[in-house]
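Me: Please take a close look at one part of this model, the surroundings of the ligand. Then carry on to whatever else in the fold deserves a comment. Keep it brisk.

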Amino acid sequence: MDFELKTLSLAGAVSEKTDALVVLVPLAWKPGKGLLDGLIADAMKSGDLELKPGKLLKLWRAAGMAAPRVVLAGAGDGSAKQARQAVIAAVGSLKGGPAQRVTLCFGSGISAEVLRASVLAVAEASYVYTTTKSKPEGRKLSHVTLGVLSADGLQGAFDEAKATVDGIEFAKEWANRPGNHSTPTMLGEAAKSLAKGSKLIKCEVLGPKEVARLGMGSFISVAQGSEEELRFIVLRYDGAPARGKAAAAAPTLLVGKGITFDTGGISIKPAAEMDEMKFDMCGAASVLGVFRALAELKPAINVVGLIPSCENMPDGRSVKPGDVVTSMSGQTIENLNTDAEGRLILCDALTYAERFKPRAVVDIATLTGACVIALGAVRSGLFSNDDALAKGLQDAGEAALDPCWRMPLDEDYAESLKSNFADVANVGGRAGGAITAAKFLQRFAGKFPWAHLDIAGTAWKGGAAKGATGRPVGLLLTYLLAQQPPRLATRPAVRRK
Ligand code: BES
Ligand code: MN
Ligand code: ZN
C-alpha cells in the first residue's frame, strides 16, 4: 500500500479527486467557511454526526464534493488513541467496498503522534491475509493520502510510521501463516531474505549440529520430538558500527520465542483452539518485523536479533516429564511439564546473548496463559531486572499505543521452581504463572540489563477476527529509535569572512 503526505485544507478537500474522502472531526473543531465545513457543521447541528471516536456519518455523492464517498468520523478528544479509533472505524467501513484510493484529512492541525497513529490505523483496518487462500483477494485499498493543514515537521514521523507498518505487516504475515507454512526452516529463510534486502543486516542460521556444539541442551530437548529440524537465527543490524577510534555502540538484543507449533508435547494440550498455537512464534515474528523496519529507517544504532525456533511435538523421542536436561549455562533443568517449553528454548538464547556484551536484552514471547488471565488483550506483561530499561519500554509502549504493564519479580516467587533432581524446575504451581515463568528466565539473564515481554494476550486475536496483531513491533521500534544518539541541531550555515 502506498502512503502519501500532502498539504490539504478542508476547503481543498472539496475538490480532492479520490474514491473516498475520510474527514476526522475532533470535539475542538471550529468550522471555517468552505462547503465541507458547512456540511460538517450542519450534520453536527442535526445530530447526524456525533464526535465520539468511532461514530461515523457516510455520505454518497454529497453535492459539490469531488469524491463520490465522504466519511465523516468523530475523533473525540483528538488524541492519538481516539484518532486511531476513528480511523479504524472509518477505513473499516470501506473495507470490502470498491474504494481503492482514499484521502484521510483532518479538521484541524495535528501532532506527529496523531499522524503516526492514523497511518498505522489505516494499515490495520485494511489488512488482509492471503498467502494460503486459493483465490487470493488482496487488500483493495492501494493508495492512501494523508492530507494535513501543514506538513511542516511531520515528514520524519510519516516515514517512521510507514516503516513501522511494513514491519508490523511482515510480522503479521509470518505469524498468520499456518504451522506447515512457517516451519523453523522457513523462518530462517525469511530472516535471510531480510539480510538480502539490506546492506546493514547480516543473518546467520544455525542448525541442529551447530546448536549441539554450543551445548544448548535445553533448546534441543524441546525440538527432539519433531520431524522438523530446529533453527537458531542470528540477525545483526549494524547502523552504528565502529568508526575510526570510536568503538561500535553496544547492541540491544531482541530474543523472540519461535515455537512454530506448540502441541504441549507429552503434556499435550486439549484440542479446543489448539490451532492457535501456530501463533506461538509471534515473538520471533516481532523480531523479524523490527528488522524489516530497521532496514527501511537505517537508524544509527546496533541491534541483534536471536530466534530459537522449533516445534513442540509428542513423539517416541520427545522429552518426558521428569527428564533432566543441561542448559548452555550449565544449569540443569527438570522438565515437569513439557508444555512449559518456551522458557526452555529462551534460556539457551539468553546465555548465547552474553557474547554480544549487550547494553540490554529484551525477550519477547507468547509465554504463558497466566499472563492472558492477568492482563487480557490490552497490555503485554513486562518484567525486568533494570528500572531504566523497564521505564524505557513502558514509555515506548504508551507512545506507540502498544502498551505494557510492569509485573513483579520478588525472589519469593522463585520458591516454587525448586527441584529435588535438578538446579531448577521448568514450572511452579498455577499461582502467579506469568511471574514464575519470568523468574525462571531471570536465572539466565544475570549478566546484562534484561526485560521480558509476555505477549501471550496481545500478539493475536481469537474468534471471528482470528489473526496476528503485529504487536509489539510498534513498542520495540519506538524503544529502539529512542536509543539513537541525538542528532546535531541543524543550524543555518554561517559563512566566515
Ligand atoms: N505457548 C503457551 C502459552 C500460551 C497459552 C499462550 C495459551 C497463549 C495462550 C506456552 O508454551 C504454554 O503452554 N504455557 C503453559 C505453561 C504451564 C504449563 C506452566 C501455560 O500457560 O499453560
Ligand atoms: Mn507450551
Ligand atoms: Zn508455547
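Reply:
**The ligand site and beyond**

A polar backbone atom of Leu367 sits 3.5 Å from a nitrogen atom of ligand 1. That is a polar contact (a pair of N or O atoms within 3.5 Å; within protein, one must be able to donate a hydrogen and the other to accept it, and residues adjacent in sequence count only if both atoms are side-chain atoms). This is a predicted model, in which local features need pLDDT of at least 70, side-chain atom pairs count only at pLDDT 80 or more, and totals for chains, interfaces and linings use all residues; side-chain values use heavy atoms, without hydrogens and water. Residues are numbered from 1 along each chain as its sequence is written, while chains are lettered from A and ligands numbered from 1 in the order in which they are written.

For Glu341, the distance from a polar side-chain atom is 2.8 Å. For Asp262, a side-chain N or O atom is 2.9 Å away. Alone, ligand 1 exposes 510 Å², and the protein buries 77% of that (Shrake-Rupley areas, 1.4 Å probe).

The shell holds 16 residues, each with a heavy atom within 4 Å of the ligand. Lys269, Asp280, Asp339, Glu341 and Gly369 come nearest. By class, 7 are charged, 5 nonpolar and 4 polar. Here Asp, Glu, Lys and Arg count as charged; Ala, Val, Leu, Ile, Met, Phe, Trp, Tyr, Cys and Pro as nonpolar; the others, Gly among them, as polar.

Next, the backbone. Most residues other than glycine have a negative phi, and most peptide bonds are trans. Glu273 has a positive phi of about 60 degrees. Glu273 lies in the loop between strand E10 (258-262) and helix H9 (282-297). These are DSSP runs, numbered from the N terminus (helices, H or I, at least four residues; strands, E, at least two). A cis peptide bond links Arg471 to Pro472, with omega about 0 degrees. Pro472 is in the loop between strand E20 (467-468) and helix H14 (473-481).

Finally, a helix pair. The axes of H10 (residues 342-353) and H13 (residues 433-442) come within 9 Å and cross at roughly 30 degrees. H10 is therefore roughly parallel to H13 (angles under 35 degrees count as such; over 145 is roughly antiparallel, 65 to 115 roughly perpendicular, the rest oblique). Axes are lines fitted to C-alpha atoms, for helices over the stretch in contact, with angles from 0 to 180 degrees between N-to-C directions.
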